[in-house]
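User: I have a structure open here and I'd like to go through it with you. Could we begin with the charged side chains and then move on to the strands?

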Amino acid sequence: MERSVYFDNAATTPLRKEVVDVMHDVLLNTYGNPSSTHSFGRSAKTQIETARKSIARHFNVKPQEIIFTSGGTESDNMFLQCAVRDLGIQTVITSKIEHHAIIHAVDFLVEHNLAQVIYVKTNSDGMVDYEDLDRLLVADDSKKLVSLMHVNNEIGSILDLKRVSNSCKSHNALFHTDAVQGVGHYSIDLEKVQIDFLSAAAHKFHGPKGVGFSFIRQNSGLNPFIMGGSQERGLRAGTESVHNIVGMAKALEIAYSKLEEEQGYIRDLKSYAISQLKSSLPGIHFNGCCSDLEHSTFTLINVALPVQKSKAELLNFHLDLKGISCSKGSACQSGSLKGSHVLDQVLPQEHKSKPSLRFSFSIFNTKEEIDYLVETLCSFIEE
Ligand SMILES: Cc1ncc(COP(=O)(O)O)c(C=O)c1O
């Protein structure tokens, strides 16, 4: 029988059955427009507000501070553009290893002379240089927004949210974090960590695609990003995707109710993958700090493989043929010939010419699948 192994959970995750069930029910039965005042509309509105309350509880924030969006890209764009437009931000401090939703949004700000953008230093582990950040925060007296991702989607390095939020607060800067790869995998208490803005996407925690949320701290001063009706307190107009919102809340509820158990299971898979790969492929290089379980997420590894140049092009094709789905650098790049801007920043020169792959795990993967991956890689390399 043909095998099919899905190791691309940082690109997107399969839905949980319970999530599909609640979405199915909403699609069939709660089809009113939440803005309508009749009973069908009211019942859809109730579902949305229940979802909002449930999501807010996980982060210890007020329901009004959660705004539903179409996902991570929209939230990231919203924060950068609106902070500059509405809050007088003159300088955006970010890094060169952010997701393209940030990289291209800040390019736009620069191209249109809307703000200056400064990149904080990152090291070869993919970690932000916090002292450099502190220096940048006092470099001049312009009004600043720091936008740094929580968990890097390609190499898994984790930002110390508390450390960055403290720096921002003590220097009067606003702090946005793209937490698309962190939400649903780590608990984040926004009462304790003073983040102003946060982006999240449901499809990274076994929820549906095309829906996410923005956390916007109360009295932020942001004006509408998408103009139209008065949905989402006027900040993000458009008829709400009720089934997606309800599915997202369900996915998050399950993720946080099983957090420790599932973290433990996936972390164990990752450690197993690291030890098996190290012992079977001595020339392997773990990119960034992804083999360090304390400073990188438990969900992924990103490896430069000891493959001869002449065969490198065939590697992805071979894995695909063997039924193994993974990602070349970042998933958002797949199909593109351009290399990864993140690996470009963090990889030592000697590993840049080797093919790098990202394997990202979920609760639905097994050690047996990792054995199959290691065998498949070894036989390809030795052939
Ligand atoms: C860190 C990060 N930010 C933003 C995004 C974009 O999110 P979405 O696909 O929901 O637009 C992704 C998706 O890969 C991501 O990993």
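User: How many salt bridges does the structure hold?
Analyst: This is a predicted model, and the structure holds 16 salt bridges. One of them is formed by the side chains of Lys45 and Glu49, with a distance of 3.5 Å from N to O.

User: Where do Lys45 and Glu49 lie?
Analyst: Both are in helix α2, which covers residues 39–59, and they are four residues apart, which is about one turn of the helix. Lys45 counts as partly exposed because its relative accessibility is 35%, and Glu49, with a relative accessible area of 25%, is partly exposed as well.

User: Which parts does the pair of Glu74 and Arg236 tie together?
Analyst: Glu74 lies in helix α3 (residues 72–87) and Arg236 in the loop between β8 and α7, so this pair ties together parts that are 162 residues apart in sequence. The closest N and O atoms of their salt bridge are 2.6 Å apart.

User: And is Glu74 buried or exposed?
Analyst: Glu74 is buried, because its relative accessible area is 10% and buried means under 20%.

User: What about Glu253 and Lys250, where are they?
Analyst: Those two lie in helix α7, three residues apart, again about one turn of the helix, and their side chains meet in a salt bridge of 3.7 Å, N to O. Glu253 is partly exposed, with a relative accessible area of 38%, and Lys250 is also partly exposed, at 23%.

User: OK, strands now. In what order do the three strands of the open sheet come?
Analyst: The order is β9-β10-β12, and the pairing is antiparallel. The edge strands are β9 (285–286) and β12, each of which pairs on one side only. Helix α8, residues 259–280, packs on this sheet and touches β9 and β10, and its direction makes about 20 degrees with that of β10.

User: How many bridges are there between β10 and β12?
Analyst: β10, which spans residues 300–304, pairs with β12 over five bridges, and within that pairing Val303 stands opposite Leu357.

User: Why is β12 largely enclosed by the rest of the structure?
Analyst: Five of its five residues, 356–360, are buried, so the strand is largely enclosed. Ser356, Arg358 and Ser360 point one way from β12, while Leu357 and Phe359 point the other way, and all are buried.

Definitions and conventions. Residues numbered from 1 in each chain as written. Predicted model: local features only at pLDDT ≥ 70, side-chain atom pairs only at ≥ 80, totals over all residues. Heavy atoms only, no water. Buried < 20%, exposed > 50% of the residue type's maximum accessible area, 1.4 Å probe, protein only. Pairing = 2+ DSSP bridges. Contact = heavy atoms within 4.5 Å. Axes fitted to C-alpha atoms, helices over the stretch in contact; angles between N-to-C directions. Salt bridge = Lys/Arg side-chain N within 4 Å of Asp/Glu carboxyl O.
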